[in-house]
Amino acid sequence: MRLRRPVPYEELDHTADAGVIVHGRSKEEALARLVLAYADLVTGGAPVATGADRVVEVAPGDLAAVAVDVLRELLFRLETERWVPESCEVVHFDPERGARLVIGSAPYDPVAHADGLVLKAVTLHAARFEPEGSGWVAAIVFDV
Amino acid sequence: MTLALRKLSRFVWEIPREGKMRVAGRLYVSESQLAALRTDQALEQVVNVAHLPGIVGASLAMPDIHWGYGFPIGGVAAVDAESGAVSPGGVGYDINCGCRVITTQLHVDDVRNHLHAIVAKLFATIPTGMGAGRAIPRLSPRELGELMTQGADWAVARGYRAGPDDAAHCEESGRLQGAEPDWVSQRALERGADQVGTLGSGNHFLEVQQVTEIYDPEAAAAFGLRTGEITLMIHSGSRGLGHQVCDETLHELSRVYARFGADYAALPDRQLACAPIGSELGQRYLGAMQAAANFAWANRQVMTGLAVRAVAEALGLPETELGARVLYDVCHNIAKFEEHLVDGQVRRVLVHRKGATRAFGPGDPRVPEAYRDVGQPVLIPGDMGRYSFVLAGNADAMTETFGSSCHGAGRLLSRTAALKRARGRHIERELAARGIEVLAKGPRTLGEEMSEAYKDVEDVVDVIAGAGISRKVAKLVPLGVIKG
């Protein structure tokens, strides 16, 4: 299932940096929401155009580490290829295989997205990806 | 987390050693600062750092301490150079994020009527924020390799300079000798190739300031600071290149650090992941981190040259008439090998300063000769609406804090809380009404970075002065600000 922005998320009240908390009915939905919440942060919530699909794959690890790695990859691509996610489909996401995502990309526009946060890095500090109730919760802190 | 704290003196508190802490925690804060700290995780992070393998003395926190990731911002930890661990989280993502002050012989009356033009020219010349254009042509891998070896000298040799002694007036002369550019990844090079001479975003800034008060005339004279004269202050770091170096090392370390032994496996926060200094991974990080530190010095040096040129052009003066000189340049995020007195013995230690400034006292041979009689200049930026300070290192810093001091005001409000408070306000206009011209990439930055989001930096430096670590030399008030 492909999710598109906007998605619901909470901003973590970190003193110096920024973070998000997302929920999902499945871990795949929570990861897709995490990706799109990240896109919301870096674009300041401004709309983005629809562009080409891009594949992002990361290596196995615990779920929080894999989620962090997905966002690290997206941050690297933002800085070097200048695109942000517009939509996200999680093909697989588990500790044994890591993650594979198909992401609808949109060009980053420095003027239209000037109100977005400039994130330096994705941290492991307080990183969570775990079941909660009947669904899943994920929390990530970004270095600003 | 409830911590029992022991008051050692008016501004010094101890978190006694317990559990698997290898040393005690020691905080340099006032009572009111301490009360504010109990609301987040910063104190817990001081305790976590006390678990680092090889840590000596104490896990230290400066008065601008606030919640970071792994280390608190404002944290200092020295580890034994042989048996200790190097922690990339103890340096931070923005390796050698730092601050420099450039003095000029311009008087405030020379610039008052040209402020708008000066700030506009600086903003047009020095790229800020994400997606900004290039300050200088994109560098090849070979050029980046030279830059990461030479540091500030690389930029000076290409004409980016203020005065005749810019590099000599940087901590470590603007160049760490252990840099290993070959250990900086292709991805890091890719991120850094077109970012030399760019400011970045968040709390990075370039300010045009006026010296308004002198507290220590002897030190001020040595530093070339005179009331009414104009200074420039630059706060920036190693940009995407440094972020990538830290990011990749932490990624690798987070999967293997527990294999280095029980002390490593027992670390309470994955963001503190570290490696023995002598290990292959530890050495690889140190070489790459030092290369990134040199990148940061070259970055600030290029911006120095560009800023001096921009101010001269805005005033219609030749650059030489500005009388510009680099006063000093300090690292805020770094790990460096230094010798310090530990338990009565001189020991070689690796000092991690995460949001802290080196502050060596008078007579130390590592302080530039021009400042050796008065102590190292310690540059403490405040917020864009109030003031910054120049301090001088005291001898007490050498015995108390491994020659370290605070690095800034420290945030008081989260970014979200600051934005809420800024809603409906025009921060740019509020600053203009107070005579401060500000240009930023977007309104969000101005809201997040407004004065109320930060502690009053004067409260911070008063604590560090009260504890005898550094002493106040001069106050610098912003007239113009550019931000990402």
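Two strands pair if DSSP finds at least two bridges between them. Keep that rule in hand for this tour, along with one more: helices (H or I, at least four residues) and strands (E, at least two) are DSSP runs, numbered from the N terminus.

You are looking at a predicted model, in which local features need pLDDT of at least 70, side-chain atom pairs count only at pLDDT 80 or more, and totals for chains, interfaces and linings use all residues. Residues are numbered from 1 along each chain as its sequence is written, while chains are lettered from A and ligands numbered from 1 in the order in which they are written.

**Stop 1: the sheet.** Select strands β5 (83-94) and β6 (98-107) of chain A, which run antiparallel and are joined by 10 bridges. Now widen the selection to the open sheet of 4 strands, ordered β1-β5-β6-β4 in chain A with antiparallel pairing. At its edges are β1 (2-4) and β4 (53-58) of chain A, each pairing on one side only. Neighbouring strands are turned against each other by 25° on average, direction ignored.

Stop 2: (Angles run from 0 to 180 degrees between N-to-C directions; axes are lines fitted to C-alpha atoms, for helices over the stretch in contact.) Next, α2 (63-81) of chain A lies across β4, β5 and β6 of chain A, at about 135° to β4(A).

**Stop 3: helix against helix.** Show side chains, and you will find residues including A:Leu31, A:Leu34 and A:Tyr38 of α1(A) meeting residues of α2(A), among them A:Val70, A:Leu71 and A:Leu74.

**Stop 4: the neighbouring chain.** Bring in chain B: 28 residues of chain A are in contact with 39 residues of chain B, where contact means C-beta atoms, placed from the backbone, within 7 Å. On the chain A side, α2(A) gives the largest share, 5 residues.

**Last stop: confidence.** Colour by pLDDT, the predictor's confidence in each residue, from 0 to 100. Chain A has a mean of 94, with 100% of its residues at 70 or more. Within chain A, confidence is lowest in β2 (10-12), at a mean of 91, and highest in β4(A), at 98.

Key
Contact = placed C-beta atoms within 7 Å.
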